[in-house]
Amino acid sequence: MKTLKLLFIGCVFLGSSCTSQSNKINGVSFVASSKEITTQHIDDVKKVSANYVTLMPFGFVKSLSSPNVIYNSQKQWFGETKEGVKQYAKEFQQSKIKIMLKPQIWVWNGVYTGTIKMNSEDKWRTLEQSYEDFILAFAIVAEEINAEIFCIGTELEQFVKNRPEYWIRLIGKIRKVYSGKLTYAANWDEFKRVDFWEDLDFIGIDAYFPLSNQKSPTLKDFEKGWQPHKNEVIQVQSKFNKPVLFTEYGYRSVNFTGEKPWDSSRIDGNVNLENQQRALQALYNQFWKEDWFAGGFVWKWFYNHKEVGGQKNNRFTPQNKPAEQTIQKMYEKSK
C-alpha cells in the first residue's frame, strides 16, 4: 500500500507525464508490404513482447518544392493504403497489440523531408491543402480502427517552422475527426524548436541522437553520450509537462553506429552486431526507467521475419540478430 501511495504522489507531482516502468509503449515500426498479413506475422512481433506497432502509410511528393501529396494510390503497396492499414490493424488488434498510425511523406529519391519548403505563397497554400487532405484521410481511418495514437507528421521541420499557424489549425481539425492521442515525430535535432507540443498528448522524437564517434563504443560510452541529449529532452518535457515518446529509435549493426545513427547509406561489408546491441541497451538503461518517458518504436520491423536481418545484415532491423534478444528482454520487463 505504501508503494502504491508513493507512486500515486509521484504521478500527481508529474501531472500527465507519469508512466510507470512496467506500463511502457514497447513498439516496433512495422514496415508495410505488398501483401495482407496473417497471424504468422503477428506471432513474430509478439515474440519480442511488443505491445504496440506503428503502421506507416506513405504519401509521396516529387521534389522538395512540389506541393502535391500523392497517397492511397493503386501503385502503392497494399500496406500503405487505407484498406491495407485497416487489414493490418485488425490482425494486430485481434492479438491485443495496440496501434499508432503514422502517415509519412516520402520525397522521391529519398531526399530528407525536413527540408521540404515551397518557393511561393501559392505553392505553400497548395501544399497545406494537399497535406491536410492526406492527414485527415488517415485520421479518419485511425478513428475507424480505434488506433490509440495518431502521428500528425514526421520530420517536417521547414514546413513546421514556416507555417506555424497552419499546424495549430490542422491539429484542431484532426481533433474533430479523431478521438485518440496525438503526437508529432520531430527529428532528434528539431524537437526543441517545435512550438505546438502543448496542443498534443506526447512529445514525439525520432531519437537518432549522435552518441559517440568511436568505432565500437562500450555500453558506458554510449550512456555517457546520452547525457547532454537527455538533459535537453528533460528540459523540453518539463516545459510542456507532456510524456516523451520515441516515435522512432534504432541503430544499424555497423561500426561507428553511434556517430550518425540516422545514416542509412549502404556500406557493404561493414557489420557490427554488438554495436547495435550495446546502443539499444544504453537507450533502454537511460530512458525506460523514467516516469516521464512513455516508450518508443524500434526502427524497423519487416513482416517476413525469417527472411530478413541476420548475422550478415548491417541495416537497422534488429531481426535475427543479438539486438532482437535485447529488445525482447527489455520489453518483457516493462510491458
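Buried residues make up 56% of the 335 residues in the protein chain. Keep in mind that this is a predicted model.

On to the overall build. The protein chain has 9 helices and 11 strands. Its radius of gyration comes out at 19 Å, close to the 20 Å that the globule rule gives for 335 residues, so the chain is as compact as a globular protein of that length. Along the principal axes, the C-alpha atoms fill a box of roughly 50 × 50 × 40 Å. As for contacts in the chain, take those between residues at least 6 apart in sequence: 76% of them join residues at least 24 apart.

H7 covers residues 219-240 and H8 covers residues 273-287; their axes come within 9 Å and cross at roughly 45°. That angle makes H7 oblique to H8. The crossing in which H7 passes H8 is right-handed.

Here's who meets whom, helix by helix:

| Helix | Residues in the contact |
|---|---|
| H7 | Leu219, Phe222, Glu223, Trp226, Gln227, Lys230 |
| H8 | Asn275, Arg278, Ala279, Gln281, Ala282, Leu283, Asn285, Gln286, Phe287 |

How values were computed. Residues numbered from 1 in each chain as written. Predicted model: local features only at pLDDT ≥ 70, side-chain atom pairs only at ≥ 80, totals over all residues. Heavy atoms only, no water. Axes fitted to C-alpha atoms, helices over the stretch in contact; angles between N-to-C directions. Helix = DSSP H or I, 4+ residues; strand = E, 2+ residues; numbered from the N terminus. Parallel < 35°, antiparallel > 145°, perpendicular 65-115°, else oblique. Left-handed = near helix turned anticlockwise from the far one by under 90°. Contact = heavy atoms within 4.5 Å. Rg over C-alpha atoms; globule rule 2.2 N^0.38 Å. Buried < 20%, exposed > 50% of the residue type's maximum accessible area, 1.4 Å probe, protein only.
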